[in-house]
Amino acid sequence: MDQALEENLMGALENVIDPELGIDIVNLGLVYGVDLDDEGIATVTMTLTAMGCPLAGHIEQDVKRVMEDIPEVRDTEVNIVWNPPWSKDRMSRYAKIALGIPD
């Protein structure tokens with residue numbers, strides 16, 4: 001996958017907002033990676049801020065919805081992982097400022 005396509009996919013994922021925090025999943029540092037195979041299957045490897053998140057299904061549906069807008073993507077698989085665990089250190093400077101978290 002070329003860099004421009006990867007940036008396009010990550011840009012689409014910036015439209016997925018964590019409903020509890022009001023910040024997108026990319027800036028929160030929840031997306032660990034995105035890959036697109038030769039058949040057009042996108043795999044988004046991500047985590048959540050906490051195990052048992054009641055909004056996991058909602059976030060997963062939003063990920064699939066935004067990926068549908070990318071012409072190269074035929075289908076999307078969301079791979080939720082817990083290792084490495086998420087921490088505020090993964091957040092972008094923008095997210096930390098928006099949430100009032102010291103850098």
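Begin by selecting Pro84, which lies in the loop between β3 (75–80) and α3 (93–99), where helices (H or I, at least four residues) and strands (E, at least two) are DSSP runs numbered from the N terminus. The model is predicted, so local features need pLDDT of at least 70 and side-chain atom pairs count only at pLDDT 80 or more, while totals for chains, interfaces and linings use all residues. Residues are numbered from 1 along each chain as its sequence is written, and side-chain values use heavy atoms, with hydrogens and water left out.

At this proline, display the backbone: the peptide bond joining Asn83 and Pro84 is cis, with omega about 5°. Most peptide bonds are trans.

Next select α1 and α2, whose axes (lines fitted to C-alpha atoms over the stretch in contact, with angles from 0 to 180 degrees between N-to-C directions) come within 9 Å and cross at roughly 135°.

Now show side chains: Leu9, Ala12 and Leu13 in α1 meet Val63, Val66 and Met67 in α2, contact being heavy atoms within 4.5 Å. The residues of this contact divide into six nonpolar, no polar and no charged, with Ala, Val, Leu, Ile, Met, Phe, Trp, Tyr, Cys and Pro counted as nonpolar, Asp, Glu, Lys and Arg as charged, and the others, Gly among them, as polar.

Finally, centre on Leu13, which, leaving aside residues up to four places away in sequence, touches Ile25, Val26, Val31, Val44, Val63, Val66 and Met67.
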